[in-house]
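Dear colleague,

Here is the structure I promised to pass on. My notes on it follow below.

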Amino acid sequence: MRFELRETRSTALIIGAPVMAIIAALVLAGGLIALAGASVIEAYRFILLGAFGTRSSIAETLTRATPLILTGLAAAVAFRARLWNIGGEGQLLLGAIGVAAVGAELTAGLPSAFAIPILFVVGAFGGMALMLVSLGLRQVFKVDEVVSTLLLNFVALLFVSMMVEGALRDPLAFGWPQSVPVADNATLPRLMERTRLHAGLIVALLLALVIYLIQARTIFGLQSKAAGFNAGAARFAGVPLGRTLVLVACISGGLAGLAGAIQVMGVRGHVTTDISPGFGYSGIVIAMLANLNPLGVIAAACFTAIMFIGADGMSRAVGVPSFIADVTVALSLLTMLVALFFTQYRVRW
Amino acid sequence: MEMIAILGSQGLWEAVLRIATPLIFGTLGALLCERAGVLNLGIEGIMAFGALIGWLAVFNGTGLWTGLLVAALSGAVFGLLHAVLTVPLGLSQHVTGLGITLFASSLAYFIFRLSVPLAASPPTVRPFQPVELGLIGDIPFLGPVLSSQTAPTYLAFAIALVLMYVLFRTPLGLAIRMTGENPHAAEAQGVNPVRVRFACIMVGSAMMAMGGAFLTLSAFNSFFPTMIQGRGWVCIALVVFASWRPGWALTGALLFALVDAYQLRLQSVLEDSIPYQLFLMAPYIAAIAVLAVTARRARVPQALMKPYRRGER
Amino acid sequence: MSQTVALRLSGITRRFGETLANDDISLSLERGEVLALLGENGAGKTTLMSILFGHYSADAGTVEIEGRKLRPGNPRAAIKAGIGMVHQHFSLAENLTVLENVMTGTERLWLPRSRTAAARRKLLDLAERFGLRVEPDRRLGDLSVGEQQRVEILKALYNDARILILDEPTAVLTPPEARQLYQILRGMARKGLSLIFISHKLHEVMEAADRVVVLRRGRVVAERRPAQTSKDELAELMVGRRITRPVRAQATPGEMVIEARNVSVRRRDAIGLRDVSFTLRAGETLGIVGVSGNGQSALGQVMSGVLAPSAGELIILGRRITRADVPAQVRAGVGRIAEDRNHEGVVGELTLWENVTLERIGLRRFSRFGVIDRGAARAWTQEVIDAFDVRGGGPDHRTQLLSGGNVQKLILGRNLLAMPRVLIAAQPTRGLDEGAIAAIHSRLLEARAAGTAVLLISEDLDEVINLADRICAIVSGQLSPEIRAEDADARRLGLMMAGDWGMEGAQNAV
């Protein structure tokens, strides 16, 4: 058996790959559901019901998709330039805690129109700072950014824990370790009455579009793409590799930090250590499922959100642990990798 | 003063060996994979799965050693998956490894929830007991420290010695190292790099899973999600620190455990003045600092992370 | 010398697509003989040796070793039959010791312990017998290239090779190392080994070989004994062609565009440049010939603004070049053709328009405030496609889909359509078919006629003779004295490329 590079890649193949990958992941996860003694069809029906069944479940799914779009973009932007940012989780946490630190009092007197953008920037800076640490370690000391971003996730989590139990602790929280709440002027407006769906979704969608346009229409987008695919040719064409990488790191870290900020300002109002149920890690899967396309990230984030929100409802209905959502999402990453391989190679027997 | 006194306490050194054991398993496992040229970032998830499946086996009535064996086998299976994806298909070792980690850990939580109903306190098993050492136990200081350790700790040290011997004293070890350095040269001299890589990834992953199982079968007696806490990533860093040598991996794991055990005790001494989280960060920051110092001059296996395709250079 | 035949090749033929790499080649090697295989790049030497060693199988013909037919296409069988191959690029592991490199794979895998002591004895024994001094426990990466080569030879001998094949063994060696190597090889032949070495260095062939077989365009064109021939004759046989220069206008050199004085470039992993000096004027073409790997890459890159000179003075279009600055170079009007299309020339995953405009994307005609004017970029790409007859895709197709010739036309087009004042053309036709070569040649002549100064770096002698007004050879990072193209003939170019500069060329130097 040999693998041969395909000369051409049809559009059908490129769009078909993630679809096939998700179907394969769902089939494999179906095996686990069956193993758990439930009816697979029932379970998937309840997942869909849980994610779309009611107005509020749809809102909940979209609310969940919001940070996922941002962490997915963070990973997609970095991976495109071959910068392996696996630190979305930690960057998100730093963004969140930064917002809590500034948004509780410093910006409290400002009108929302100023406070919200300022806090967005603060959140983005939080994530950016952490990513730049890893980039610096890579450029100066040759420390693999995969390992450093992974390890810094734990440092960031402990830092947040330290803050919510220390300097930023909310004295009114009956002893719960949570941060002071951001002032009301920083709360994102609701998009649907009596749901948690907030304007952060619009921001995330807009950013996906902006990132798409940056990648497709700007010099920086073209240069970072070229640098990622073929650093040698990019260098020959005069692409400033170092500067491009720094900018990519800033955007990637900033997006993850913004995800944290939006989660605080739109959903929680304050920070706890469990503010992110693995949004950063899911972002990696989402980016791969989207084949690093920013608009594809929206669809992939929705798929992931559907799985997570739906699985909660399904778990209550048929008793299969809701961790099945995590399993399915992880499986879809592996199946997507294989699917991508077969868009590039054909098998010869 | 008290900060120095801690270093002389028996409890500290008991803890060092206990904390080091899963790291030794994990680091040696990762080291074996990388010596053959494949980075295995599945380690974090494989450790989680090993922790669960070993514990679950014992919880369901098998012996402790059988539990450890079950964990090792499960690790080998995940290793096989990683090998299939990264060796013949040549997929990105970074992304594949992360995928394995996400898959293995979420599968572990899923199975845990499935087999153990929610309860206020997680169910426990009777873990490995300290090994009776007879006369050695009477040696002052060292005796009691060693007497508090369980058999898997000795197994970890034994594996380190065996790995050292195999890698540097046998034709097989030479074949493994050549495969990690230059698979084309290995092939030209009649070694099959694909087979070597498969074997190393599977055996290495089995070791990782045993490291996880040590946590649930010796260090603790129950399983809970998030119990791996980045230990796998620390192991990946330790491999670089060790410059891919098993002896140094052992040393690195012990040093790292010393930092960890020391900060735990220091916490209780300095409780009020410094937030405990700073102490907990210390191991991770130490790992990064160690990488920053050693990464530049580490002797990386030259073919690490480079997929091997016959006839292509 | 005994008269037994160690190796006989009969009627070896091998095609790669359209090209006939080996055309009915027959030759034999006697025991204890040193045979040199002489030929230019692309003459079919390496293909022939790969067939012999089993990397490829021949379309026709047989290989016999000591009277027995060799199973084709199987390196293992070749090793077992006693063939040892020393590649130009070593198959060694830097982080392992000499002994470990030699021992890998020589023992049963499941042996509980390596028999290191016995292996060390055998290695030292071989080293002693054949005069290849090595220290078994040194880390390979700490050895010089020459020492590494010894290890590679010993590895073959350790596997009981009786016939050794060396592919361009001196390409990576310094002259004293090379002399020493040939002494060692002669000694090995005296002890009964049979050797074939591939070379295009005439003096080495004359010095070291018992017999020389000259290959050209896949055929054996001559067989000589050094005593019966001369370097001059060999050079002419190797290059072979009658030099027929196309009729073309005399160059009318204009203003000075490149002045290089003692330019040096240090590189860690490849040959750099040493004290290179030349000048280039508008409307003329300077051709740099040479065997690959002699500093052409460094020359092309430093002129293209990718590398900075580490010493000396380089003035291009009136600007002193002190650091690597591609955009400035492009803005100033330097067109650049990278020597490796796929690794430096284009990014295969990008579209045609992206590749065509990548190096000029910052110019106002393609972007404003960092936003690309895709209309302008596409239109310009279409112009390149039309003007240079690029086939296989429009501006929005992925560049990977184009054939090599079309990629090269694209690269040439994106440079020439911008009317550069200088064109750095590194290996502009490497690996292309005749049609594409002709197209590119006529474009380069047009550019010269339009007043562009062309620096042509090429391994193809025909190309340089056809296009250049003046010619230098590059050898080990140094430039030979230059000659006028009218004075170039096969013999003289062959000698120049072999580093045999004599001074007869110098008196004609411009």
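Predicted model: local features only at pLDDT ≥ 70, side-chain atom pairs only at ≥ 80, totals over all residues.

The entry, which is unreviewed, carries the annotation "transmembrane region" for residues 12-32, 38-58, 65-85, 91-112, 154-176, 196-220, 232-256 and 276-295 of chain B. Another of these spans, residues 91-112 of chain B, is 91% helix and 0% strand, and its end C-alpha atoms lie 30 Å apart.

Chains A and B

In the contact between these two chains, chain B contributes 34 residues and chain A contributes 35. On the side of chain B that touches chain A, at least two residues each come from helix H5 (93-115), helix H11 (231-241) and helix H13 (276-294) of chain B. H5(B) has the largest share of that side, with 13 residues. By class, the side of chain B that touches chain A has 26 nonpolar, six polar and two charged residues.

H11(B) packs against helix H6 (residues 145-165) of chain A at an angle of about 140°, and the two axes are 10 Å apart. An angle of that size makes H6(A) oblique to H11(B). Their crossing is left-handed. From H6(A), the residues in the contact are A:Val147, A:Leu150 and A:Leu151; from H11(B) they are B:Trp233, B:Ile236 and B:Ala237. The contact of H6(A) with H11(B) has six nonpolar residues, no polar ones and no charged ones.

Within chain B, H11(B) also packs against helix H3 (residues 43-59), with an angle of about 130° and axes 7 Å apart. H3(B) and H11(B) are therefore oblique to each other, and their crossing is right-handed. B:Ile43, B:Glu44 and B:Met47 make the contact on H3(B), while H11(B) brings in B:Arg231, B:Gly232, B:Trp233, B:Cys235 and B:Ile236. Sorted by class, this contact of H3(B) with H11(B) has five nonpolar residues, one polar and two charged.

Chains B and C

Chain C and chain B each give 20 residues to the contact between them. The elements with two or more residues on the side of chain C that touches chain B are helix H2 (75-80) and helix H3 (98-103) of chain C. That side of chain C divides into nine nonpolar, five polar and six charged residues.

The two domains of chain C

Chain C is split into domain 1 (5-239) and domain 2 (256-508). Taken over C-alpha atoms, the centres of the two domains are 35 Å apart. In the contact between them, 13 residues of domain 1 meet 13 residues of domain 2. Helix H7 (202-208) and helix H8 (231-239) of chain C are the elements that give two or more residues to the side of domain 1 that touches domain 2. H8(C) gives the most to that side, with six residues. The side of domain 1 of chain C that touches domain 2 has five nonpolar, three polar and five charged residues.

Regards

Methods: Residues numbered from 1 in each chain as written. Chains lettered and ligands numbered in written order. Domains from an automatic or database assignment. Contact = placed C-beta atoms within 7 Å. Helix = DSSP H or I, 4+ residues; strand = E, 2+ residues; numbered from the N terminus. Nonpolar A, V, L, I, M, F, W, Y, C, P; charged D, E, K, R; others polar. UniProt positions renumbered as here; feature names shortened; annotations may be inferred. Axes fitted to C-alpha atoms, helices over the stretch in contact; angles between N-to-C directions. Parallel < 35°, antiparallel > 145°, perpendicular 65-115°, else oblique. Left-handed = near helix turned anticlockwise from the far one by under 90°.
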